[in-house]
Amino acid sequence: MARALITMPATAKRGEIVEIRTLIAHPMETGYRAGDDGQLLPRNILRRFSCRYDGEQVFSAELFPAVAANPYLTFCTIATVSGTLEFTWEGDRGFAQTERVALTVAA
Amino acid sequence: MTVSRRTLLGAVTGAAVGTLVVVRPAHAADDLQAAIKAFTTGAPLQRGRVKLDIAPLVENGNTVPITVHVTSPMTPADHVLAITVLNEKNPQRDVITCRLGPRAGRADVSTRIRLANSQQLVAIAQMSDGSFWSDTADVIVTLAACVETP
Amino acid sequence: MKRPLALLAAAALCAAGLAAAAAEPPKRDDGRRSGFDFMTREVQAIQRDDAQNPAMLWVQEGAAVWDRADGNANRSCASCHGAASEASSRMKGVATRYPAFDAAVQRPITLAQRINACRVDHQQATALAPESQELLALESFVAMQSRGMAIAPPRDPRLVPFRERGEKLYRQRIGQLDLSCAQCHDERAGARLAGATIPQAHPTGYPLYRLEWQGLGSLQRRLRGCIAGVRAEPFPYGTVELTELELYLMQRAAGMPIEAPAVRP
């Protein structure tokens, strides 16, 4: 389980645009770097990120080695109903992690 | 040239840890055009509506903040479907591709990227009406002074 | 930027309200400048924002390790020092007064060494390896509780000979490049060295996230990197020479605010 930090409001008004900021610990080893022995270190990156809210995927991203280590990704979504947002990262070596954050939406 | 400076220092210490080995393709600019075409599937690429925010001078290419903002009403009838960022001189052209939709509210994404060298970046937005819009940015990348052994 | 919410996220881990302001050092009259001042605006912005600062991932880990029981005594840091959520009050000021003299080993020890001494003595656990992720996590968690506070080296006469040796090392030319710390960081701070601006070398932000490392590291890692940079053989982790250097550097930075966990290029 990698450390992840999600920053977003705990409450929002219906229809309000909320900004979501995500940060997760991962080396994002590019596969282009040589180690001490001169051999290329194998690629090990996060490849996909997605956010599900209120029954559907509201945002997703395909990440490549050019994304910096400990990926930081921000995006927006409209507050619709109170519920749990699911944030999922998937990547090399079978990496899969989901974080859940509750959002309370007032009328 | 930054790579040769690192290689020289690396030779002295016997290690080149931490370097991004730049495997520059023979025709970087052509590759970028090909990558752009792959995303637009040949549709015309227009300048505008997209703002690619990145510092013009970067101290360390390892972690470069960027923001892409696309002007769009983000309604079910008219919204941004996807945003991609492509580069000119990294070992591969793709940086990140995001899928949005009307539920985004605002077409604003930020992340931090790696730049292996001074180069051009392109941000392209695919709209729901099938049009493609873009912005470019030229970035100069300087590197930190010392090569380290762990 | 939803700044208030970033604070909310960090409030459990640090002194609420001080977080955002304390991440940025104020300008001084005495000519001393934090490495923060030598960075680009973009990198400064990463340090200013706890939602973006990758070091906060280690702080989060540190809080988890703090609360976790370990060792044959089956105790956690929390068992003696209170839960992680209360650490802001209990651990406040600790990082400002390290390195400190340890009577048990009759020499100054760093904060990381103090953490390990606690593990061995009170948790009956094995010491964590230097620069290990777990040790860095704990160190960053503790150091952050002093964010915004002035560095306050202890006025302990037992530290004097070690600090003097640290200053001597700081001024000594070493390595194939035959350079001393003072030549770059006292005489040429603000000048350029191969594309980077030479900072004054005040250790206000350690442990910190260094872009060059794409990870968190301690002052000892940075010192070893610099020593290797002038083509001298770096002292191994944990040696008294590195502690003596740190002791001198912290005295040299006395009064400057702690920025841990900082971000540097």
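Analyst: Two strands are said to pair if DSSP finds at least two bridges between them. This is a predicted model, and by that convention β8 (residues 119–127) of chain B pairs with β9(B) in the antiparallel sense over eight bridges.

User: Which residue of β9(B) stands opposite Val122(B)?

Analyst: Val122(B) has Thr136(B) of β9(B) opposite it.

User: And how many residues lie between β8(B) and β9(B) in the hairpin?

Analyst: There are four residues between the two strands of that hairpin, and Gly130(B), which sits in the turn, has a positive phi of about 90 degrees.

User: What else pairs with β9(B), and in which sense?

Analyst: Strand β1 (residues 45–47) of chain B pairs with β9 (residues 132–141) of chain B in the parallel sense over three bridges, with Arg47(B) standing opposite Ser134(B). Strand β3 (residues 57–58) of chain B also pairs with β9(B) in the parallel sense, over two bridges, and there Leu57(B) stands opposite Ile140(B).

User: Switching to the interface, how many residues does each chain give to the contact?

Analyst: Chain B contributes 32 residues and chain A contributes 26 residues. On the side of chain B that touches chain A, the elements giving two or more residues are β6 (94–99) and β7 (107–113) of chain B, and by class that side has 14 nonpolar, 11 polar and seven charged residues.

User: Which strand of chain A is joined to β7(B)?

Analyst: Strand β6 (residues 72–78) of chain A is joined to β7(B) by two bridges, and the two strands run antiparallel; within this pairing, Leu73(A) stands opposite Thr111(B).

User: What order do the strands take in the sheet there?

Analyst: The sheet is open and has six strands, in the order β1(A)-β3(A)-β6(A)-β7(B)-β4(B)-β2(B), with antiparallel pairing. From one strand to the next, the twist averages 15 degrees.

User: Why is one side of β1(A) and of β2(B) left without a neighbour in the sheet?

Analyst: Because β1 (4–7) of chain A and β2 (50–54) of chain B stand at the edges, each has a single partner strand, and so one side of each has no neighbour in the sheet.

User: Back to the chain A part: how many bridges are there between β3(A) and β6(A)?

Analyst: Strand β3 (residues 17–24) of chain A pairs with β6(A) over seven bridges in the antiparallel sense, and the bridge partner of Glu19(A) in β6(A) is Cys76(A).

Key
Residues numbered from 1 in each chain as written. Chains lettered and ligands numbered in written order. Predicted model: local features only at pLDDT ≥ 70, side-chain atom pairs only at ≥ 80, totals over all residues. Contact = placed C-beta atoms within 7 Å. Nonpolar A, V, L, I, M, F, W, Y, C, P; charged D, E, K, R; others polar. Axes fitted to C-alpha atoms, helices over the stretch in contact; angles between N-to-C directions.
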